Amino acid sequence: MNIRNTYRIFNRPTLLSMMCRREKGYKIVKRPDPKTLRMPSIADAPSIMDILKEKIRLNGPLTVAEYMHIVITNPTEGYYMKKEVIGQSGDFVTSPEISQLFGEVLAIWFYSETQKMGSGKPLQIVELGPGNGTLMVDFLRVLNKFKYKSNELSIHLVEISKTMQLLQAGRLCVSHKESDIELPYDREGETVSGIKVYWYNDLKKVPENFSWYIAHEFFDVLPIHKFEKTDKGWRELLIDLDENQKPYYRISGEETQSVKMLVRPPLDAGDRTELEVSPRSLGIARQLAERVDQFGGLALIADYGHEGEKGDTFRAFHKHQVVDPLENPGESDLTADVDFSQLRVAASRAPGRDNYAIVMGPVLQKDFLERMQGLARLEVLLNNAKNEEDKEKLTASYNMLIDPQKMGERFKFMAFYPSTMADILEKHPPVGFANLTVK
Ligand code: SAH
């Protein structure tokens with residue numbers, strides 16, 4: 001019996017009275033207490049490969065963005081849900097892990113730029129993708145020197161992986177606990193000096209207050225769509241399974257929804273034939289710009305990337321080697337270079353947007369660190385070093401950060417300032433970004 005028949009059989013009052021009766025008769029169905037709900041245990045969870053196969057079987061080929069999203073962030077099997085991904089024994093090493101100087105210099109940059117804005121207290125430090133928590137440990141050491149009291153400072157970590165959240169809590173806190181499900185944060189803790197630390201799975205949940213936002217090697221893990229220009233126009237690169245159930249790339253026959261939404265001028269201009277776009281990155285860049293402009297603060301993005309000249313950078317790292325991103329999904333880190341020119345557009349003034357940022361950079365890591373007196377900081381560390389071996393290590397790690405052949409030129413820095421600061425920045429150009437004109 002379909003719904004039209006039902007209506008014919010019952011006249012209107014009868015139907016209404018039945019519906020009302022039903023309403024009165026609703027029973028309370030007992031549900032489990034949400035606090036007791038847990039993810040399925042790892043042993044019961046399907047493997048990443050099974051999840052990918054099932055998705056492709058049900059919905060057809062995946063976009064590269066869907067593939068990255070599943071492989072990196074699946075709650076039980078995703079790449080970042082496993083331990084020891086960053087560091088010598090993991091798959092890649094990052095600047096904060098190489099030298100303490102890195103985090104210290106960044107904290108000094110935030111502090112000195114904040115002096116142009118007022119007291120900067122109370123202060124929220126918001127880190128996106130904190131990894132092993134090392135950068136924040138180095139930040140806190142510097143802030144301690146600047147005499148921030150524990151009630152003037154709070155730490156807010158945006159981290160999707162529960163495993164990484166726990167690892168960070170172990171590094172930063174003397175005590176921490178999982179939060180009630182109705183709270184915006186997943187976990188809360190306290191540092192040895194009484195500073196409160198909170199973990200969130202999304203930037204949207206972080207309180208909208210004056211903040212320093214730091215994102216180091218965060219944007220490069222966010223999912224990208226890949227496009228190629230064919231003789232029929234722009235098409236999307238998709239991931240399908242071959243007859244042996246192995247993932248492989250194929251080009252979409254038609255324009256996909258993402259081609260229609262994302263391949264727009266000026267991105268598709270010129271004679272370029274390959275393009276990568278990360279809508280998630282653009283959304284987060286926009287949120288950072290709006291937050292900085294509306295509630296005050298600064299955002300600093302540091303990552304490897306380019307300014308729109310590259311179109312094919314999607315790759316994977318396993319045990320410090322570049323490997324095929326479709327090989328052994330979940331076992332290696334998936335990444336793509338950050339297109340800073342797209343972040344700039346997302347954060348800048350645009351029609352219909354009330355809040356936007358003044359965007360500085362990108363500048364090369366070596367220039368940023370040198371302008372920030374990295375060498376003088378190295379001298380201080382060398383003077384405090386216990387022995388020759390430590391001195392050699394300190395010098396070698398600083399060189400790693402600034403050497404153009406190593407990290408000095410591949411890594412870049414970009415900053416967002418509130419739009420109201422144009423005049424101040426004209427008079428006092430941003431440290432680290434000096435010699436650039438304010439737009
Ligand atoms: N900033 C750190 C770690 C970089 S690795 C460093 O420089 O050493 C990327 C980090 O981002 C990891 O902590 C990973 O778990 C986290 N991450 C990945 N995808 C994320 C997402 N969508 N939202 C929040 N965190 C994410």
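Here are legends for a few close-up views of this predicted model.

In this predicted model, local features need pLDDT of at least 70 and side-chain atom pairs count only at pLDDT 80 or more, while totals for chains, interfaces and linings use all residues. Residues are numbered from 1 along each chain as its sequence is written, and side-chain values use heavy atoms, with hydrogens and water left out.

**View A. Helix 10 meets helix 11.**
Two packed helices are described by the angle between their axes and the distance between the axes. Here, helix 10 (residues 279-295) and helix 11 (residues 340-347) have axes that come within 8 Å and cross at roughly 45°. (Axes are lines fitted to C-alpha atoms, for helices over the stretch in contact, and angles run from 0 to 180 degrees between N-to-C directions; helices are DSSP runs of H or I with at least four residues, strands are runs of E with at least two, and both are numbered from the N terminus.) The pair is therefore oblique (under 35 degrees is roughly parallel, over 145 roughly antiparallel, 65 to 115 roughly perpendicular, and the rest oblique). Look for S281, L282, A285, R286 and A289 on helix 10, touching Q342, L343, A346 and A347 on helix 11 (contact means heavy atoms within 4.5 Å).

**View C. Q245 and Q373 have positive phi.**
Most residues other than glycine have a negative phi. Q245 has a phi of about 65° and lies in the loop between strand 9 (233-241) and strand 10 (247-251). For Q373, phi is about 60°, and its loop runs between helix 12 (365-371) and helix 13 (374-384). Q245 is partly exposed at 40% relative accessibility, whereas Q373 is exposed at 52% (buried is under 20% relative accessible area, exposed over 50%, partly exposed in between, using a 1.4 Å probe and protein chains only).

Three bridges join strand 13 (residues 315-318) to strand 15, and R315 has T335 as its bridge partner.

Notes:
Two strands pair if DSSP finds at least two bridges between them.
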